[in-house]
Amino acid sequence: MAEVLVYVDHVDGAVRKPTLELLTLARRIGEPVAVALGAGAADTAAELAEHGATRVLTADAPEFADYLVVPKVDALQAAYEAVQPAAVLVPPPAEGKEIAARLAVRIKSGIITDAVDLEAGEEGPVATQSAFAASYTTKSRITQGTPVITVKPNSAAVEAAPAAGAVEALSVSFSPGATGTKVTARTPRESSGRPELTEAAIVVSAGRGVNGDFAVVEALADSLGAAVGASRAAVDAGWYPHAHQVGQTGKSVSPQLYIASGISGAIQHRAGMQTSKTIVAINKDAEAPIFDLVDYGVVGDLFEVVPQLTEEINTRKG
Amino acid sequence: MALRIVVCVKYVPGATGDRRFADDLTVDRDDVDGLLSELDEYAVEQALQIAEARDDAEVTVLTVGPEDAEDALRKALSMGADKAVHVEDDDLHGSDVMGTSLVLAKAIEKTGYDLVIAGMASTDGAAGVVPALLAERLGVPQVTLLSEVSVGDGVVRGRRDGDAATEQLEASLPAVVSVTDQSGEARYPSFMGIMAAKKKPVESLDLDDLDIEAEEVGLEGAWTKVDEAAERPARTAGTVVTDEGAGGKELAEFLAGQKFV
């Protein structure tokens, strides 16, 4: 069976969830071979093996942290040349797309970005994508070279599929351009203690309607173990950090449950959330476009409805 | 030393219009009103701010697109860019990111540059990979997804807010930069700006001018193929209730029924 290269997104050896989802997709088209780079790379092996990686190629060098993107492209290219895979799959975040794109030019291959599903096809992997604020769904494939495909979070379930996961050292020689863009400082993002927005099974979002007070939606989020999102209006008003913005210019999310409170549902916002499985909205305005999308909507004051909902959930949880 | 800035911009179908695919499964650019991609306005703004902070800079806006794409160039010129380059050729129809980035790279080289600035993604295709592709093709540093950018002493510096960390970046010119919507509100063209833009030069180039063969670009030259494009079925109308005092409890009941609680 052909091998499929899977680029691993990890933080000091802790594999992030979208990479595990990618292993599920990779197993549909071949045997996953993982590529993990940087500090803690070898520590990823056990978890990757648990989810189907037959081999884990690792490399560590100061360049991966000290310079932007290109050292990782060099390493992924080295892995590509060593493995000769049937496809290369790359997880989010944004850096993944940049690495994938540069690799694709180098190996003269087409690239598909932000796939939401992937299946084997007669002429190579078939990728499903959402287009035009998720109002269209397309199926595409790559017609030149080795398919390079980046995938969005929540595109597949994480599945246990134990495999060997043998760790092998990957030999990388850096290109002259590898040290072109220096990272002069790095500040890790402070953790809110809540799930990562793009990876969460439940997202509770708020917009203009909260009038600057996110406490009620944070309390709801915590009762459900959810991530907190914000509309562009709420972020532009300075009520919540941009990293939490859902929409065309923010994050695109596709959770099992999306709860929009005080969000009208402008096209820019819908672009980032309308592929969510179940959508719930709470809004004072019965005419708000968000109600066109909902499975369940409450027309009412979110400062009444949301605290009551939170209390009821906490009571039910006992 | 003069600073030559090239800003890559795209003419896109308006998001509030009825965006759709044409019969050949390319983006329909004829029947939907277009405009300068909102995310590219941020790139134009940062280019102008960098240029205004010195007296030797020249800002060229560059687009690849059909005849109407000149509207996007005029908008950027009316914001304050000095001149424009429009690559237009029937054979470009249906190009994917590989074809588009090839054409942009050749046009940038032909124009001459010290700094390329792009938006973080287009608002139609939204792949977000063209800046990285340009850096790879031009063989210069990639300083992308910046929410702050500055240029001085032949060095570009910026702040990149990533998922896991915020990074401060630095690279020598020439370089390719992309900026996010957090980089600063784009200015509105003034009346004077709009009038001045009418007289600013727009250079027109075709594939011959860039030594690119028709087979390398367009739908035929694309390295990807869209086999199907289907309108997403409208979500089936759900239940909408008016809160009469127990709206929160009823919602909890719904969520429990769906096994979320």
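**A walk through chain A**

Chain A falls into two parts, domain 1 (3-179) and domain 2 (202-317). Please keep in mind as we go that this is a predicted model. The centres of the two domains, taken over C-alpha atoms, are 32 Å apart. Where domain 1 of chain A and domain 2 of chain A meet, the contact draws six residues from domain 1 and nine residues from domain 2. On the domain 1 side, the touching residues comprise three nonpolar, two polar and one charged.

Let's turn to the annotation. An unreviewed UniProt entry places the feature "domain: Electron transfer flavoprotein alpha/beta-subunit N-terminal" at residues 4-183 of chain A. In the model, that span is 28% helix and 31% strand, and the C-alpha atoms at the ends of residues 4-183 lie 31 Å apart.

Next, zoom in on helix 5 of chain A, which covers residues 94-106. With 13 residues, helix 5 reaches 19 Å from its first C-alpha to its last, close to the 18 Å expected at 1.5 Å a residue.

Follow the backbone just past helix 5 of chain A and you come to A:Lys108, which takes a positive phi of about 55°.

Methods
Residues numbered from 1 in each chain as written. Chains lettered and ligands numbered in written order. Predicted model: local features only at pLDDT ≥ 70, side-chain atom pairs only at ≥ 80, totals over all residues. UniProt positions renumbered as here; feature names shortened; annotations may be inferred. Helix = DSSP H or I, 4+ residues; strand = E, 2+ residues; numbered from the N terminus. Expected span 1.5 Å × (residues − 1). Domains from an automatic or database assignment. Contact = placed C-beta atoms within 7 Å. Nonpolar A, V, L, I, M, F, W, Y, C, P; charged D, E, K, R; others polar.
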